[in-house]
Amino acid sequence: MAEEKSVDKATLEMLAKAKADKVSTVFDRAEEMKPCPIGAEGSCCKNCSMGPCRVPAPKKKAETGGEKAKRRGVCGATAETISARNFVRMIAAGTSAHSDHARGVAELFLATARGEVPGYAIKDEQKLYQVALDLGIEIGDRSVKEIAIEVGEKCLAEFGRQHGELHFVKRAPLKRQELWRKLGIAPRGIDREVVELMHRTHMGVDQDYHNLLLQGSRCALADGWGGSMISTELQDILFGNPVPILGKINLGVLKEDQVNVVMHGHEPLLPELLVVASQDPEIQAYAKSKGAKGINLAGMCCSANEVLMRHGIPVAGNFLQQELAIVTGAVDAMVVDVQCEMQSLADVAKCYHTKVVTTNPRAKMQGATHIEFDEHHGPEVAKKILRAAIDNFPNRKGKVVQIPAESQEMIVGFSHETINYLLGGLFRSSYRPLNDNIINGRIRGVAGVVGCNNCRTTHDSAHLTMIKELIKNDVIVLTTGCSAMACGKAGLLTPEAASRYCGAGLAEVCEAVGIPPILHMGACVDNSRILMAATAVVKDGGLGDDISDLPAAGAAPEWMSEKAIAIGQYFVASGVFTVFGTTFPITGSEEMCKLLFEEMEEVVGGKWAFEPDPEKAAQLMIAHIDKKRKALGLDKARERVLYDMAMRRELDAV
Ligand code: NFS
């Protein structure tokens, strides 16, 4: 049934078109290829050539003859060791993705600070000073250039650092830092933690699943409080700290009479220049010379979130819509950088006139045109790409173009600093009003709902069901990535959503401040903003002294990428209860389930949960929030005392 594939009308319309055009999409391939059940539960080891060894969970107790025989691989590795190795390797891969992105940003940042790259500048000096202070850099009367160079050098050194701790560890609440140190999981260097994890998961090294998970946590923390945070901070300084801005989302943002260029991927370095180049009179004139009314830039996946938050560039769609953008027949070029790009794009593009342009030496694709992004000639490369798209526009002539009508307005751009300002006002910038509203019970708690789409569940559905359930129960939601886009398409990122979907308490707060009940905080690397927001709430007081004390929870109901596992683990290791949907890659091992779903809370104050039903998952989060409220003594604050006459007289008598 088509409706089971997506809750988004534009997606369904394009799926029907793809079918008519005989184009295979991710949705079709998911039907044709069922997932391997042994791999899905994490019970397959292929780390050496004596295997692959499969150690699936026995279906029924009876099959084991009552007594539980230990399932082992050829080398003797137990099911839990295999499961833990697979899991932490996902963390290593996810951390690498975010951090290699961050390294690229840090390199560009340093080159910008040194004045070596045209087209880039330090845009947000205020944030530069803030980050410099956190890195222990002296400001005094030094020039912006000097400070920026030192910031760039220090950030770049975080990757290859061998000893000590990453600088941003010190941003976490003190109690959290102490816990990490006590457990030996305060990350030293970003690359070091990834390499050590790869070493320890090699055949015959670390055979203790508890120990593997500790290094998994250390590596994940090197992502959240390292790589991802460096990406966010340096991108903000280079391109501007996001502030609330009006945006538009869904395939309806494509324009029939303009050159449509979709920027897809994760790194904003090139998209920032494409935005500038698209406004160049020479490029505009060139587009007109080919019969187009102009150039229409649109984003896809997290590159979209980056330029949406900072420039209001419209978003064509989230992860599962990438092929469908091409199916409209209206995309003249899809420009990709790194991550979350399906290889099928090149095949789909063959059925239409679309040119797929790869731009990064780390991510090439057969069948695509490669125009390499070189930051030393950034503006020129950007123009070259746009010219290629414009040259392709006339090839659309005579072909069927069908752009869905759906496009939805949304308010985005809630960086941690912006929330601070919006809530506290210019003279009293702080999270105090949020804390007060949590304490008085108008806001029950905070949830971070983030992550991907997954073709094994109905597109966008789990995000929307979970988030509606949360806000109905007065839980304010912070969102990023493809989850944020699902909310945008469904009209949830508007102030009006408050009165429509929220419980009375949350609606009242949102209406007073004029914000949506779901705050779009950016791309997936910007989950580091959520860590900063949580820390700010702790530091403001009244809600305990660690992130694990907060009435807060995290979720990725439609996750699919290894990056999501890295994010989940750094949330858990930062003290957050985190629920994932779809499938969970350790369910083949009882011991690993016990460790991640129960015991971990004792160790780091946060734990995982797996619940594919988004409504039930939301209820788990709410139950956790209530548990934390109770521990803080806030459960009583929700009960209102109504005074009767006798009580009033008593009060008057005092
Ligand atoms: Ni995050 Fe963003 Fe989307 Fe998932 Fe992919 S685009 S980085 S990984 S699919 S949310």
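Buried area is the accessible area that two parts lose on being put together, summed over both. The legends below refer to a predicted model.

**Figure 1. Domains 3 and 4 of the chain bury about 1,400 Å² between them.** Of this buried area, 69% is on carbon and sulfur atoms. The domain assignment gives domain 1 (2–53), domain 2 (79–239), domain 3 (251–396) and domain 4 (412–631). Taken over C-alpha atoms, the centres of domain 3 and domain 4 are 32 Å apart. The contact involves 17 residues of domain 3 and 23 residues of domain 4.

**Figure 2. Close-up of the side of domain 3 that touches domain 4.** Met 309, Asn 318 and Leu 320 supply 41% of the area that domain 3 buries against domain 4, more than any other three residues. Between the two domains, 11 residue pairs are in polar contact, counting pairs with both residues at pLDDT 80 or more. The largest share, eight residues, comes from α12.

**Figure 3. Cys 524 is the single protein donor to the nickel atom of the ligand.** The SG atom of Cys 524 is 2.2 Å away from the nickel atom. The nickel atom has four donor atoms, with angles of 91 to 163° among them, and its site is irregular. For four donors to count as tetrahedral, all angles must lie between 85 and 135 degrees, so the angle of 163° rules out that class for the nickel site. Cys 524 has its place in the loop between β13 (518–520) and α22 (527–540).

**Figure 4. A salt bridge joins Glu 31 and Lys 5.** The closest N and O atoms of the pair are 3.4 Å apart. By the rule used here, the model has a count of 42 salt bridges.

**Figure 5. Two backbone details, at Pro 52 and at Asp 460.** Most residues other than glycine have a negative phi, and most peptide bonds are trans. The peptide bond from Gly 51 to Pro 52 is cis, with omega near 0°. Pro 52 is found in the loop between β1 (44–45) and β2 (53–54). Asp 460 is not a glycine, yet has a positive phi of about 70°. The loop that holds Asp 460 runs between β11 (445–449) and α18 (461–472).

Definitions and conventions
Residues numbered from 1 in each chain as written. Predicted model: local features only at pLDDT ≥ 70, side-chain atom pairs only at ≥ 80, totals over all residues. Heavy atoms only, no water. Donors = N, O, S within 2.8 Å, 3.2 Å for Na, K, Ca; no water. Tetrahedral: all angles 85-135°; square planar, octahedral: opposite > 155°, others 65-115°. Helix = DSSP H or I, 4+ residues; strand = E, 2+ residues; numbered from the N terminus. Domains from an automatic or database assignment. Contact = heavy atoms within 4.5 Å. Buried area = accessible area lost by both parts, 1.4 Å probe. Polar contact = N/O pair within 3.5 Å; in protein donor to acceptor, adjacent residues only side chain to side chain. Salt bridge = Lys/Arg side-chain N within 4 Å of Asp/Glu carboxyl O.
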